[in-house]
Amino acid sequence: MTDATPRLGLPLIAASQAQKHVTHNEALGLLDALVQLACLDKDLTAPPQNPADGDRYLVVASNPGGAWAGLAGQVVRYADGVWIGAVPRAGWFAYLIDEADLYVFDGSAWGSFRRTLTAIQSVSRLGINTGADVTNRLAVKSDAALLTWDDATPGSGDMRMSVNKQAASRDAVLILQTGYSARALLGLLGSDDFSLKVSPDGSAFATALTASAAKGGIDFASTETVLASAATTDLGSSGTRRVLVTGTARITRFGTGADRERLLRFAGAATLVHDAEQLALPTRADIVTAADDTCLATSDGAGRWRVRHYQRADGTPLALGTQALAPAGYARLANGLILHWGLATSTDADVSVSFAPAFPSACLGVWAQPVARDAGTLYASQVSDVTAAGFTLRNRRTTGGTVTGAGTISTYWLGLGS
């Protein structure tokens, strides 16, 4: 029979032992020292000055001095003016009060439990605030998560996260869900091309865009949504970039969707109504659409739409194609020139004519031709006081060599400007 316990080395009372209380008290002292072990420090190489009875330390120095000489690697306690050592065994835990850390003895040295936790490796599952399972081996339940660059090691200042797949035909994807039902897939989906797919129900997916891994080109894969023309033809609610507008209604606005871009195709003769604040058109005039005409429309941050480009299916220039011949009107040519024409009739010899609208820059010239009323009279029209906003038409007639003012005659005029 041994005279000490195998784990803590507590002295045992021998049979017929005298002064049994001494052995018993020694065992109690060791229990008091080693159970719920909490040490003040482990970095001292010699005993501290003025220790208190019951103070405990880990002596990790290889050659401690003073009263600790010969106690290297032991747990020491101060009792009755004497330092007493206990040899630790593998698996002992000691709480270091000065470090607020738990240490474990592995049979040869004391190691920080905190540092052990920072080097966890080959864990089969990890759940943070929730449970991980066979499929989701890492599971996190949190309102937010942060991955940031390493400023402690120190690091490079970069932060990279890699999602690796086995082969091009497999997926490396970020899945965005609502109520655990997928709504968007972002990543490498069955190929090395980068793509974005969206779904309203988690089962049917539409490809929104694809970026070619080989060429870097981006394809916007969007179906063409059909919208019936109306006073407000809401392009913002279409949900697709390409829109087919049907019907023959007068369209005064494209809705209030902000910062949108739409490619439009028309199925018939609708009318786009020019409005500088709601629906700005290239010619600053209404446009009557035709089948397969196309245009590009964008909106600003306030939801005001502008047609950036309009292309007629038959190739007719927009300004000429939108104008119907009438006694008065104007047309904007493809090269920027503007034509104004009209028919002026007045009872006065001098007629003031206004351009509607005025030329943006200047009027380059006006030509006039009066309509003769009888064969015996010669009629003439003179143009004066020409501005970007209008001009004065002076009508005259000659009868028998006498020139007089000509009233109540019709004069055709043509103005050219920019």
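How many helices and strands does the protein chain have? In this predicted model, the chain has three helices and 31 strands. Of its 418 residues, 29% are buried. The accessible surface amounts to about 25200 Å², and carbon and sulfur atoms contribute 53% of that area. Among contacts with a separation of 6 or more, 34% join residues 24 or more positions apart.

One of the sheets to follow in the structure is built from four strands in the order β24-β25-β31-β27. This sheet is open, and its pairing is antiparallel. At its edges lie β24, residues 329-332, and β27, residues 363-370, each of which pairs on one side only. On average, neighbouring strands of the sheet are turned by 15 degrees against each other, with direction ignored.

A disulfide is a covalent bond between the sulfur atoms of two cysteines. A search of the whole structure finds zero disulfides. Two cysteines can be described by their accessibility. Cys-39 has a relative accessible area of 0%, and Cys-363 has one of 15%. Because buried means under 20% relative accessible area, Cys-39 counts as buried, and Cys-363 is likewise buried.

Terms used: Residues are numbered from 1 along each chain as its sequence is written. This is a predicted model: local features need pLDDT of at least 70, side-chain atom pairs count only at pLDDT 80 or more; totals for chains, interfaces and linings use all residues. Side-chain values use heavy atoms; hydrogens and water are left out. A disulfide is a pair of cysteine sulfur atoms within 2.5 Å. Buried means under 20% relative accessible area, exposed over 50%, partly exposed in between (1.4 Å probe, protein chains only). Two strands pair if DSSP finds at least two bridges between them. Helices (H or I, at least four residues) and strands (E, at least two) are DSSP runs, numbered from the N terminus. Axes are lines fitted to C-alpha atoms, for helices over the stretch in contact, and angles run from 0 to 180 degrees between N-to-C directions. Contact means heavy atoms within 4.5 Å. Accessible areas come from the Shrake-Rupley method with a 1.4 Å probe; for residues, only the protein chains shown count as cover.
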